[in-house]
Amino acid sequence: MLFRHVMIEAVSYVLAPHRITSDWIEDQIAETMERLRFPRGKLEALSGIRERRFWDEGTLPSTVATMAAEQLLSRVNIDRERIGLLINTSVCQDYLEPSTACFVHRNLGLSPRAINYDVRNACLGFLNGMAIAGMMIEAGTIEYALIVDGEGSQDAVMATIRRLRRPETTKQDLRDNFATLTLGSGGAAMLLTHERLSRSGHRLNGVVTLAATQYNHLCLGQPDYMKTDAGALMHAGVELATATWRLAQETLPNWSDRQIALYAPHQVGARHMAAVTKALGITPAKLFLNFPTLGNVGPAALPISLAQAAEVGRLRPGDHVGLLGIGSGLNCSMMSVTW
């Protein structure tokens with residue numbers, strides 16, 4: 001899928017206020033770790049994650065997504081009535097129904113004519129939302145699209161800690177729940193528009209996507225429980241990412257490590273990023289990584305990485321940026337942006 005007229009007008013993010021270290025999490029399950037002879041420090045050593053963030057208890061995903069969107073809209077001079085599409089992409093939801101997008105739409109005071117709905121596809125949702133919005137802008141059906149995401153890991157992590165404290169917990173239980181303990185919290189928002197309305201210069205060039213749904217059983221999540229076969233998931237994910245990279249080289253302009261100045265990836269942890277980097281043959285220094293202090297923030301991780309890279313001066317006008325996303329299921333997308 002190639003775009004000719006779609007621009008990223010702005011991107012913004014918010015982080016949860018409470019820093020939760022891996023050491024603190026291990027303190028909560030210390031008796032279980034000792035009984036199972038699971039060495040202290042393994043959570044950080046295996047994941048590379050020193051800390052992640054929690055919101056205040058009771059904070060809703062729609063509140064987080066609204067915060068990110070309000071921060072973005074305070075920086076751009078547009079009439080909210082012109083926003084024709086709102087897509088919420090968060091894994092976390094206020095309720096099973098209605099959509100979380102309904103609450104964000106109301107919070108932001110958007111037009112009744114603004115289409116609003118959720119797009120959920122595990123950690124790939126934000127890129128999917130961008131692609132959908134890009135098609136509508138390219139077709140001329142809307143002027144502006146707002147993509148939002150609000151993630152909160154505190155409920156899932158604390159429920160997992162309570163389970164792992166049980167005296168009947170086994171080593172396999174610990175392995176199955178390990179990935180849940182790496183989850184973080186944050187929110188992101190992005191405004192897309194047609195090039196005739198844009199003042200940013202940030203062009204969305206195109207996207208490719210591949211699926212490997214034979215691996216849909218490797219990560220199964222509920223609001224308070226997630227079971228993950230981390231080793232098998234990493235292996236299958238790297239295999240899918242490699243195939244998607246080859247498709248991107250065939251489809252997207254200037255898609256090579258030599259021509260890409262920076263990568264803003266979805267981030268799971270150290271072992272996953274090292275495996276992907278090696279398999280794709282990309283330059284490690286070009287990856288903008290924040291998982292050591294944010295953990296795995298789900299679909300919000302990629303836009304947060306892009307926004308932070310711009311914030312600290314890692315992006316210059318004209319840089320070619322590769323957005324790399326993968327979500328359990330498995331699905332993988334790679335998106336080309338000219339900053």
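**Cysteines, cavities and one asparagine**

Author: The sulfur of Cys332 lies 12 Å from the closest cysteine sulfur, that of Cys123, which is too far for a bond; a disulfide here is a pair of cysteine sulfur atoms within 2.5 Å. This is a predicted model, in which local features need pLDDT of at least 70 and side-chain atom pairs count only at pLDDT 80 or more, while totals for chains, interfaces and linings use all residues. Residues are numbered from 1 along each chain as its sequence is written, and side-chain values use heavy atoms, with hydrogens and water left out.

Reader: Is Cys332 buried or exposed?

Author: Cys332 is buried, at 2% relative accessibility. Buried means under 20% relative accessible area, exposed over 50%, and partly exposed in between, with a 1.4 Å probe and protein chains only.

Reader: Cavities, then. How many of 30 Å³ or more?

Author: There are 3. A cavity is a set of points on a 1 Å grid over the protein atoms alone where a 1.4 Å probe fits but cannot get out, and lining residues have an atom within 4 Å of a point. Points are joined across faces, edges and corners, and a volume is the space filled by probe spheres set on them.

Reader: What is the volume of the largest, and what lines it?

Author: Its volume is about 100 Å³. The lining includes His266, His272, Met273, Leu324 and Cys332. Helix H10 (270-280) gives the most, with 4 residues; helices (H or I, at least four residues) and strands (E, at least two) are DSSP runs numbered from the N terminus.

Reader: Switching topic: where is Asn88 found?

Author: Asn88 sits in strand S4 (residues 83-88) and is buried, at 0% relative accessibility.

Reader: With which side chain does the side chain of Asn88 make a polar contact?

Author: With that of Asp118, at 3.3 Å. A polar contact is a pair of N or O atoms within 3.5 Å; within protein, one must be able to donate a hydrogen and the other to accept it, and residues adjacent in sequence count only if both atoms are side-chain atoms.

Methods
1 Å grid on protein atoms, 1.4 Å probe; cavity = no way out; pocket = protein on both sides within 12 Å on 5 of 7 lines; lining within 4 Å.
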